[in-house]
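Dear colleague,

Please find below the structure that I am handing over to you. My notes on what was found in it follow directly after.

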Amino acid sequence: MRRAILGTILATCAVWPAFSQSTDAPSKFEAADVHGSAKTQNPFVQTGPVHGGRYEIKYATMVDLIRLAYGFDNDKVLGGPSWLEMDRFDVRAKVPADSTPDTQKLMLQSLLSERFKLVVHKETKPLPTYALVAGKKPQLKPAEGTEDSGCKPQVQSGGGPEGGGMRIMMAGPVAGGAEGSAPVTITLGPGGTVQYACRNMTMEAFASGLRSMFGASLGPNPIIEDTGLKGRWNFDVRWSVQMFGPIGNNQGDHITIFEAMEKQLGLKLEERQVPTPVMVVDSVHQKPSENPPGTLDVLPVIPAPTEFEVASVKPADPGGRGFRTQIQTGGRVNFQGVPVRLILFQAFNVNNTEQIAGLPAWADTERFDIVAKAPSEGAATPPMDREAVGPMLRSLLADRFKMTYHTEDRQVSAYSLVAGKPKMKKADPAGRTFCKNLPAPPGVPPGTRVFTCQNATMAQFAERLQYMAPDLTWPVADATGLEGSWDFTLTFSMNFGMAMRVGGGDAGPAGAAPAASDPNGGLTIFEAMEKQLGLKLEKQKRSMPVFVIDHLEQKPTDN
């Protein structure tokens, strides 16, 4: 009986509302506006530093909010109702002038407790990770000890656009540097391979940094070092990056990170279960309580600017390679070598070539550098994001390129999701609802994508299909007629060569679906949908809004 009582006391103490960790008065925001997020084409959480006493979060799921409040990664937030990863919220709050990031976390905890009635507790659960172990014959060279320690990406022969590879600007640990370090160019070789030269490295340091190296895709949990190898070592290693583009079309050039460890270094990556601290959601309300009276007086909505304060537009260096788009904190926009078509994509916040019509042929060849700054109305100016920059870019195009446009509905070829002979598993309605990408398993064709859904309706699945393949550029309509929620996994190939054969050009007759298989053995999304899920994607004519460019001058006016 005594053990039972003690266990009950310990269990009770482990559960707390979001603010009850301190015996002092809880830290609170001075005022807070909490509401559901507006629908967006880019549903990813957005945060930024406090500006003008304002703390802002946009498009955050409840899992995101718990991560920000408690410091647990999303995959370590367990339990809770089904909507935890689906519904999104915006938080705007006023913080005291002397607040710090740590006190702001406590304030967010208080807000989640008060407005959502969140109750959570900590546990330790086994979660999967990888262990780096030694094989039969490690192929590492002892270091002299005088080399600079670290793993640096290398320029490879055959890399760059001419060699069938590509160049990517990266910064920080992924590029072999420290947090906040200057960006460097990573060159991908044939098969989409990235090569690192590691010098004067201990196995502890290598295992610790391996997850952050470009293209590693080894999950969110730390790698365990269990090689038994002491001292410092020199070695080179290269593997293929799983990217959906013109790389890795040759299966013979494709090297998984698991193959690279074993064949090049004589090491192995073994999957293990490791006891890991997690945060468990006991209860939470789906709808936050109403804002207190007067909240919008304290936190008035600041209108988003529609014009840049200052902007420079000039033709890009004709000898330059690639392009870069950068939207920085403080409202500074930096575009380098960007084609006009992609500037228009940013301006109208679209990713669909069919959604902008009337472009001249030179829109794909004329490239420009744009440096611009949003107007600053004091410290309370909200942080910039892609959607906020759009109206200012449209004003810039109208002023400097004399752009005029209109919007009209046009008949386009879009897809509907229909039921064939469904092969999916009925879901437990109490389970967490999500649809997410998973790392492709070893040995699959290059460009393989694994997409899994749990407790998802067909409407939720159809909404996420847009942009998952080159042909799915318009929203996909749910026409399955299937009720309830489902569990399933879809595995298909995004090999670029296949994408070029099935995408682009004439969309073909209504009802037709591209069916060109990946020569490396993968399935198109259309084939995988039917074979794995018993569903079909059928092409149909549908009326959709299109931006029509009426006039656009090739040469902008002078700065």
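A disulfide is a pair of cysteine sulfur atoms within 2.5 Å. By that criterion, C151 and C198 form a disulfide, with their sulfur atoms 2.1 Å apart. Before I continue, please note that this is a predicted model, in which local features need pLDDT of at least 70 and side-chain atom pairs count only at pLDDT 80 or more, while totals for chains, interfaces and linings use all residues. Residues are numbered from 1 along each chain as its sequence is written, and side-chain values use heavy atoms, with hydrogens and water left out.

**The chain as a whole**

The chain has 11 helices and 27 strands. Both kinds of element are DSSP runs numbered from the N terminus: helices are H or I runs of at least four residues, and strands are E runs of at least two. Of the 559 residues in the chain, 44% are buried. Here, buried means under 20% relative accessible area, exposed means over 50%, and partly exposed lies in between (1.4 Å probe, protein chains only). A contact means heavy atoms within 4.5 Å. Among the contacts between residues at least 6 apart in sequence, 80% join residues at least 24 apart.

**The disulfides**

How many disulfides does a search of the whole structure find? The search finds two. Counting bonded cysteines along the chain, they follow the pattern 1-2, 3-4.

The link of C151 and C198 is right-handed, with 115° about the S-S bond. It joins distant parts of the chain, since C151 is in strand 9 (residues 150-153) and C198 is in strand 12 (residues 193-201), 47 residues apart. C151 is buried, with a relative accessible area of 10%, and C198 is also buried, at 0%.

The other disulfide is formed by C435 and C453, whose sulfur atoms are 2.1 Å apart. The torsion about the S-S bond of C435 and C453 is about 115°, so this disulfide is right-handed. C435 lies in strand 23 (residues 434-438) and C453 in strand 24 (residues 448-456), so the pair ties together parts that are 18 residues apart in sequence. Both C435 and C453 are buried.

**Helices that pack together**

Two packed helices are described by the angle between their axes and the distance between the axes. Axes are lines fitted to C-alpha atoms, for helices over the stretch in contact, and the angles run from 0 to 180 degrees between N-to-C directions.

Helix 2 (residues 62-70) and helix 3 (residues 101-116) have axes that come within 7 Å and cross at roughly 140°. Helix 2 is therefore oblique to helix 3. Angles under 35 degrees count as roughly parallel, over 145 as roughly antiparallel, 65 to 115 as roughly perpendicular, and the rest as oblique. Helix 2 contributes M62, L65, I66, L68, A69 and Y70 to the contact, and helix 3 contributes K105, L108, Q109, L112 and F116. These residues divide into nine nonpolar, one polar and one charged. In this classification, Ala, Val, Leu, Ile, Met, Phe, Trp, Tyr, Cys and Pro count as nonpolar, Asp, Glu, Lys and Arg as charged, and the others, Gly among them, as polar.

Helix 7 (residues 340-348) and helix 8 (residues 386-400) pack at an angle of about 125°, with their axes 6 Å apart. Helix 7 is therefore oblique to helix 8. The contact involves I343, L344, F345, Q346, A347 and F348 of helix 7, together with R386, G390, P391, L393, R394 and L397 of helix 8. Eight of the residues in this contact are nonpolar, two are polar and two are charged.

**Two individual residues**

I370 is located in strand 20 (residues 367-373). Is I370 buried or exposed? At 1% relative accessibility, I370 counts as buried. Leaving aside neighbours within four places in sequence, I370 is in contact with S312, V313, V333, N334, F335, I343 and L396.

G231 lies in the loop between strand 13 (224-226) and strand 14 (233-240). G231 is partly exposed, with a relative accessible area of 44%. Apart from neighbours within four places in sequence, G231 is in contact with M201 and T202. The C-alpha atoms of G231 and N200 are 8.9 Å apart in space, and the two residues are 31 apart in sequence.

Yours sincerely
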